[in-house]
Structure formats: structure tokens, C-alpha cells
Amino acid sequence: MSFSVISNTAVKSLLSGLTRTDVLAIQSTLNRTFVEYSVNNEAAYQPHRASVTRPDGSTTLFMPATSSTSVGSKIIGIPPATAKGKTLAGVLVLCDTEGNPRGILNASEVTGFRTALGSMTLLPRRERVSNVVVFGAGKQAFWHARLALLLRGSDVKSMTVVNRSAQRSEELVEQLRPFTSEVGASLAALNASDQGYDRSLKELVGAADVIFCTTPATSPLFPASYLDQAVERGEGPYIGAIGSYKPEMKELDPGLFQNVVTSKTGCHPKGGSGGVIVVDTKEGAFQEAGEIIQGKIPSENIVEIGELLHIQKNKEAQDPSLDRWLTNGFIIYKSVGMGVMDLAIGEALVNLAQQKGVGESLPAL
Ligand SMILES: NC(=O)c1ccc[n+]([C@@H]2O[C@H](COP(=O)([O-])OP(=O)(O)OC[C@H]3O[C@@H](n4cnc5c(N)ncnc54)[C@H](OP(=O)(O)O)[C@@H]3O)[C@@H](O)[C@H]2O)c1
């Protein structure tokens, strides 16, 4: 069995060459993975992930995973908050189910891509995606913006990057410009140091159809009150929040989570009362998502994306309120990431790299 070695440059070349059709194919693989995990008992075959924080504040995640076709593990280093300019780094190792080595990939770009693709799961069905707001200006922000434009570009009219530092948001705006120009969308940055920031932020959030939050913030990026009316009406935006990964972190106001679950206009796909927060993994969210932990969100008001995809596929015809919520309702998707996502995407990328002759291929390891 040949063994692929896929460097960061090779991963970037592979990902930057993906067409919309390629991304849709990888998205359906990821959707199947979510359903397998949440509905078909795959969660039972996942080893626990481990997180170690060293005295210097650097955190390493060890994320093992298994599936019916492969096993593997990602090791990812998260730099301490004080380490300016450093980003996530790591590797993803894949074997077949008998342990025969299949490939090794630099995990930095893969992590950005797979996390953003998870946030795109419910995007194809959304009716309104005209105004997109992206909080953060790192790799995650890039991939969220890039995939939203690739998947819904013809419907996006404006995209705004909101960031703490002006330097990185300007860099990201330059990186995104060719993609917004291609679809004719406007592109702007709003920085925390800008004059009238709070007023502009309130207007921007209030008018947003899609909001992506991609920062390790420990205090909310905007107050829950900016979206009071939307929660009351039970209409948009769609929010994908992937940044917080520790109980003390919160990019979104935990009060917003509470408002969504107690809302009279919310939809409960499993037939319970109030609304729900959508997560990738319930177990992970209760351990790591500050917004869920601090917001004291009850387990019955959380639904995994895999369960939702399963319900959507099987029940929608008889449930117009679910259809309305998925297309127009107020949705929060909170992700902390799962090893099975890396495994599925890693496998797809190794196959693609072999087809396209990208990276190094050894006859065996
Ligand atoms: N859910 C998942 O599966 C998953 C996977 C990978 C990563 N993540 C998380 O996603 C986040 C972004 O990852 P990345 O690789 O894009 O990181 P990155 O390249 O370091 O970018 C982080 C961004 O967040 C901003 N930021 C940092 N601290 C902030 C704070 N306290 N308040 C507001 N903004 C802040 C930074 O602004 P400046 O430009 O001002 O520094 C920067 O724009 C991280 O929290 C990471 O742990 C989640």
C-alpha cells in the first residue's frame, strides 16, 4: 500500500485547487461522518481526546479517531494567548483499519478547512445569505469566508471581516479580494480601533444573515441584545461559532444561547420545548464550549449536527416548522471539533492527492 506525505505547501495547493463540485463531494462525506457519529453509534468507537497545557501556556491536543475505513490521530499545538503571530500547527496520521500506514498530512491548513466545512453544513439551505460577517482574521476566518463564497457566492452581496487588530484584518481582506470580486460582493474590514466601532458593530450584526465567529475570545464579541429582535421574530441569522475551546472562553454572549433555547419562536427538531443549539459533539461541547457551560444550556436543548441531518432527511416532509427554521430561523452552530472530522477529511485529501499526483508517494512506509 502506497504511503502519502502531504506537506503544508501540498495541502494548500490541493485545497486551493478545489472546485465547488469537489467541495460539495467532500461536504457530503463529512455529512455522512456526522450522521454515523451521532446516529449510527460511531461515537462508541472513538477514543477520548487528551489536552495537555504546559507551564508556558502552550496547549497540545491529541485527537485519535476510528471509522469503518480508517484509523488515525491528529496532534495539534495551540500556542499560548500571549504568543503573538503564532498559529495552530500539527500533523494528521492515517492508517487503514488494520493499522497499515496510509499517509501523513500537515494538519494546519486541514484543520482550518475541515472546521469551516463543518460550519457550512446548514448553509446550502439558507434563504438569506446576503450579508456575511466574519469575526477573526486567522486561518479559520479565511476558510469560513472562502467556503461561504465558494458554496453561496452568487447570493453573497457583502462580506465584512471584524477583528481586534487592523493589520491582520487588512491582510485577510487582501487575501479574500479575488474571491469577492469574482462573485461581485463588497468586502470591508471593521477593526476594534476604528472610530464609532460599537455603533458600526451593532448595525453590522443587526443586518447580518450569516455570522462566523473564529476567535479564542474570553469575552463576547458583541452583546446578546444586538440580536434580541431576531430571536423574538425567530428569524435569521445563521451563526457558526468555532473559536472557544475552554470553559472560560466565550466568543458569543452565553445570554444569547439562553435566549435561543428559551425563545417562544424557536424550533425543537426533536419535539421538545423552546429552541436548540446545534453542536458537532454534545460531549465535547459540555466539556469545552464556554458559551454552553456558562450559559447552563440543558442537554435537552442541544442537538448534534448529525442528529439534525438525520431528522432533516427523514422527517422534513411532515414538519414544515423544521423546514422554516432551517431555511430562515435563528440558528447557532457551535463546534469544538472532533477527530472523526479530521479522519474523514484526511482520507478524502489523501485520495485526492494520489489522484492528482500532489505530495510525495512512497511505495510503502
Ligand atoms: N472548533 C474547532 O474544531 C476548531 C479547530 C481549529 C481552531 N479552532 C479555534 O478557532 C480559533 C481561530 O483559530 P485560527 O487558527 O484562525 O487562529 P489565529 O490564526 O491565531 O487567529 C485568531 C484570530 O482571533 C483573534 N483573537 C485572538 N484573541 C482574541 C480575543 N481575545 N478577542 C478577540 N479576538 C481575538 C485574532 O486577532 P488579532 O489579529 O488581533 O490577533 C485573530 O484574528 C481559535 O480559538 C482556535 O482554537 C477551533
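**Lining of the largest cavity, by class.** In this predicted model, the largest cavity is lined by 6 nonpolar, 5 polar and no charged residues (Ala, Val, Leu, Ile, Met, Phe, Trp, Tyr, Cys and Pro count as nonpolar, Asp, Glu, Lys and Arg as charged, and the others, Gly among them, as polar). A cavity is a set of points on a 1 Å grid over the protein atoms alone where a 1.4 Å probe fits but cannot get out, and lining residues have an atom within 4 Å of a point. Its volume is about 70 Å³, taken as the space filled by probe spheres set on the points, which are joined across faces, edges and corners. Among the lining residues are V231, V260, C267, V276, W325 and F330.

**Second largest cavity.** This cavity holds about 30 Å³. R126, E127, R128, D209, G236, P237, T327 and N328 line it, giving 1 nonpolar, 3 polar and 4 charged residues.

**Surroundings of W325.** Contacts (heavy atoms within 4.5 Å) of W325 include R126, C267, V276 and F330, with residues up to four places away in sequence not counted. C267 is buried at 9% relative accessible area (buried means under 20%, with a 1.4 Å probe and protein chains only).

**Largest nonpolar core.** The core (buried Ala, Val, Leu, Ile, Met, Phe, Trp, Tyr and Cys residues joined through side-chain atoms within 4.5 Å) has 76 residues, and F113, L147 and W325 have the most contacts inside it.

Residues are numbered from 1 along each chain as its sequence is written. Local features need pLDDT of at least 70, side-chain atom pairs count only at pLDDT 80 or more, totals for chains, interfaces and linings use all residues, and side-chain values use heavy atoms, without hydrogens and water.

Technical notes: Buried means under 20% relative accessible area, exposed over 50%, partly exposed in between (1.4 Å probe, protein chains only). On a 1 Å grid over the protein atoms alone, a cavity is a set of points where a 1.4 Å probe fits but cannot get out, and a pocket is an open set with protein on both sides within 12 Å along at least five of seven lines; lining residues have an atom within 4 Å of a point.
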